[in-house]
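This briefing goes through the voids of one structure, then a helix contact and its aromatic pairs. The sequence and structure are shown first.

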Amino acid sequence: MDKKKKTSKAPPVSGFLARFRGFAQACAVLLTNPHLPNLLKGQIYRGKGKTVCVPGLNCYSCPAATGACPIGAVQSVIGSSKFKFSYYVTGTLILLGVLLGRFVCGFLCPFGWFQELIHKIPLPKKKLSTKKLRPLRYLKYAVLLVMVVLLPTVLVNELGMGDPIFCKYLCPQGILEGAIPLALVNTGIRSALGALFTWKAAVLAAVILLSVLFWRPFCKWLCPLGAFYALFNRVSLFQMQVNSHRCVSCGKCANVCPMDVDITQNANHAECIRCGRCIKSCPTEAICYRYGFGNEKTKENS
């Protein structure tokens, strides 16, 4: 009886994180965008905080933003005429990847949370699944390699400077957090809007529409920051753990996973963002978060 009672207890930290993930996401958005009065003034914060990279996709040009977007920082360095590599920016990204992996995507990314909120919009029919669209997940690695790294390095002007291709032409967060709020309160910016704004607005509209139908489509298919963190998922200190002794192979965790991952087959799959839905759905409490080194599959201690 004592042993049975012991195995029925849920890991308290794992259960708490999974249950209050939405609250953690909201706090992350406010912490990375605390300068809310700037939204009304149409002014961008330019303090020392802008030299620090925030973990998630969060536009530098947002009036409320307090830090720099990691992808934007990479693009700025690569497109510079003086520097093509930054140990600080690269080191920050690697450190976040090693410490957290795609936990950043699930808990700390403002644009990921935005897509989840859009997905809550009720539809007369059931939300669509992306399981048959799994091959599209590899697109984000191409975006990371081509749009973030290669094109800004190769396509340079007479001064040796390259455009931030991803930020300029594809990133929907830039227009959502930056261009739209600034244009609403600044007549000068409003009058200067042209074809590029129209294109980016169309990209944002497409992401919003897809987010109503699918769960976090930009994260799954196009986000280069998610692609970078995915490279560290198996080696990051923050991981998922499956207790093989408790697992009854019911399949509930795979059925509820919005990232189309079967955690019992690969506990730290590159697509897993540690959202915790599998933890909440598991009837035997065989899944939990783990921080540190160890096996992703364990057996119950006797």
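The lining of the largest cavity divides into ten nonpolar residues, one polar and two charged. The model is a predicted one. Its largest cavity holds about 110 Å³ of space, and its largest pocket about 630 Å³.

**Cavities**

- Searching the whole structure gives three cavities of 30 Å³ or more.
- The largest cavity is lined by 13 residues, and the closest to its centre are Cys257, Val261, Cys272, Cys275 and Cys278.

**Largest pocket**

- The lining of the largest pocket consists of 33 residues, and those nearest its centre are Cys59, Tyr60, Ser61, Cys167 and Gly174.
- Two or more lining residues come from each of helix H5 (70-78), helix H6 (87-100), helix H10 (165-169), H11 and helix H13 (195-213).
- H11 supplies the largest share of this lining, with six residues.
- By residue class, the lining of the largest pocket has 19 nonpolar, eleven polar and three charged residues.

**Packing of H8 and H11**

- H11, which also contributes to the largest pocket, spans residues 172-185 and packs against helix H8, residues 110-119.
- The angle between H8 and H11 is about 90 degrees, and their axes are 11 Å apart.
- Because angles of 65 to 115 degrees count as roughly perpendicular, H8 is roughly perpendicular to H11.
- On the H8 side the contact is made by Pro110, Phe111 and Phe114, and on the H11 side by Pro172, Gln173, Leu176 and Glu177.
- The residues of this contact comprise five nonpolar, one polar and one charged.

**Aromatic pairs**

- The structure has eleven aromatic pairs.
- One of them joins Phe107 and Tyr289, with ring centres 6.5 Å apart and 75 degrees between the planes.
- The pair of Phe107 and Tyr289 is edge-to-face, because planes over 60 degrees apart are classed that way.
- Phe107 belongs to helix H7 (residues 103-108) and Tyr289 to strand E2 (residues 287-291), so this pair ties together parts 182 residues apart in sequence.

How values were computed: Residues numbered from 1 in each chain as written. Predicted model: local features only at pLDDT ≥ 70, side-chain atom pairs only at ≥ 80, totals over all residues. Heavy atoms only, no water. Axes fitted to C-alpha atoms, helices over the stretch in contact; angles between N-to-C directions. Helix = DSSP H or I, 4+ residues; strand = E, 2+ residues; numbered from the N terminus. Parallel < 35°, antiparallel > 145°, perpendicular 65-115°, else oblique. Contact = heavy atoms within 4.5 Å. Nonpolar A, V, L, I, M, F, W, Y, C, P; charged D, E, K, R; others polar. 1 Å grid on protein atoms, 1.4 Å probe; cavity = no way out; pocket = protein on both sides within 12 Å on 5 of 7 lines; lining within 4 Å. Points joined across faces, edges and corners; volume = space filled by probe spheres on them. Phe/Tyr/Trp six-rings, centres within 6.5 Å; stacked < 30°, edge-to-face > 60°.
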